[in-house]
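This report concerns charged side chains and their surroundings. Please consult the sequence and the model shown below while reading.

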Amino acid sequence: MGPALIAIGDGTSIFGRLSIAEGRIDALLPGDGETNVSLPDGAIVAPGLIDVHTNGAGEHLFNRDQGNAVPVASRECARVGVTGFVAGVITAPWESMLHAASEIVEAAHALEEDEPHGARCLGVHFEGPFLNSKFRRVHRAEWLLPASARAAREMVDACRGGCLMVTRAPEIEGATDAVRVFLEHGVVCSAGHTAARYREGMLAIGLGFRSLTHAFNGMPPLDHRDPSILASFIQDPRTLVQVICDGYHVSPPMVDILHRTLGERIVLTTDFMPAADPGYHIDGGVMRTADGTIAGSALQMDDAVRKYMEFTELPFEKAIVAATLAPARLIRHDHMLGRIAPGMRADLSLWDSRYEVVGTMVGGEFVFNALAATA
């Protein structure tokens, strides 16, 4: 087992070896010499991928299968290089959403206490119910609610410290009161499913919104005379913009334009949607309901990285930032995830020369090793 090309996660790379101690990166070492980590010959090592917007895995949906979906997602995510994911709870009857979030957090804690068998569930992402009905898409209108401080507290309490992000329309009733509660508890406020234009977007950023959910989707178009909220998030350097990089939700040229405009503020996400019921089907590269409405993607994070490289012509070490350090920054976990550096968690993805994932390590332990399976 020799040294490897190590993509640090900050856009740079080195040729060398790694030392791991107690589940964390102990040192980055020169290419020659001893190490306690065996890496496959010719491997490319990167930080583990982080998916901050996924609705489930396999045929399991977080809303429906709740805590039972967490170990399934943990195993499935590890197969594509993901070492951390945020479980999405979409708009549903209020008590059902709270119960799902509570069950997900409990299951995530149980996984954390066990030996690593797959990706970590990092927390909960509420996509709804505080959305604009005009841009609700598959979120059912009868379940949408106005925002309030009381509702925000109930969401935070249900997660017992595990609420990481809430997607909501900043222009709806009660938005300001809810934002204050979320920010007090360290929850990322992400704008989405919104009719907001540029001015409303700037006001939202002033309130504390720092992320935009699935750019271009669930919002008005980026008109040159009356630009949408996307323009404000592109313009303000304090924000990060999430993109579903499957080539369908956003066309390849627009992905490239976003990259040229935003640089390392792009966050790749999947918005993966399992076939939640018999009416769901994959058509045109996306998951659709029976009436043809886009419900999410069929994308996996490793493919998102490859497509991002293709659409932008970025080298691997630069493209990987959008799937590692950028999402870690978004959920404020960049002090321990998203980079390969001493003291960071040894959550790693291993790739071959064709940029296919061949291994995934969580806490320095293999949770997926394609080479071992074929040895």
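## Negative surface patch

Glu113, Asp114, Glu115 and Glu365 form a negative surface patch. Patch members have over 30% relative accessible area and no salt bridge, with like charges joined within 9 Å; Asp and Glu count as negative, and the charge is placed at CG of Asp or CD of Glu. Accessible areas come from the Shrake-Rupley method with a 1.4 Å probe, and for residues only the protein chains shown count as cover.

Glu113 belongs to helix H3, residues 94-113 (helices are DSSP runs of H or I with at least four residues, strands are E runs of at least two, both numbered from the N terminus). Glu113 counts as exposed because its relative accessibility is 71% (exposed means over 50%, buried under 20%, and partly exposed in between).

## Basis of the model

This is a predicted model, in which local features need pLDDT of at least 70 and side-chain atom pairs count only at pLDDT 80 or more, while totals for chains, interfaces and linings use all residues. Residues are numbered from 1 along each chain as its sequence is written, and side-chain values use heavy atoms, with hydrogens and water left out.

## Salt bridges around Arg306

The salt bridges come to a count of 15 (a side-chain nitrogen of Lys or Arg within 4 Å of a carboxyl oxygen of Asp or Glu). One network of salt bridges links Asp302, Asp303, Arg306, Lys307 and Glu356.

About one helical turn separates Arg306 and Asp303, because they are three residues apart in helix H9, residues 301-312. Arg306 also forms a salt bridge with Glu356, at 3.6 Å from N to O. Because Arg306 lies in H9 and Glu356 in the loop between strands S18 (348-351) and S19 (357-362), this pair ties together parts that are 50 residues apart in sequence. Asp303, at 25% relative accessibility, counts as partly exposed, as does Glu356 at 33%.

## Helix H8

Asp256 and Arg260 form a salt bridge of 2.7 Å, N to O. Both residues lie in helix H8 (residues 252-262), four residues apart, or about one turn of the helix. Asp256 counts as buried at 13% relative accessibility, whereas Arg260 counts as exposed at 64%.

The buried residues of H8 are Val255, Asp256, Leu258, His259 and Leu262. Viewed down the axis of H8, these buried residues fall within an arc of 160°, so they line one face of the helix (the arc is that of the directions from the helix axis to the C-beta atoms). Pro253 and Arg260 are exposed on the other side of H8.

Key:
Patches are made of residues with over 30% relative accessible area and no salt bridge: like charges are joined within 9 Å, nonpolar side chains (Val, Leu, Ile, Met, Phe, Trp, Tyr) within 5 Å. Buried means under 20% relative accessible area, exposed over 50%, partly exposed in between (1.4 Å probe, protein chains only).
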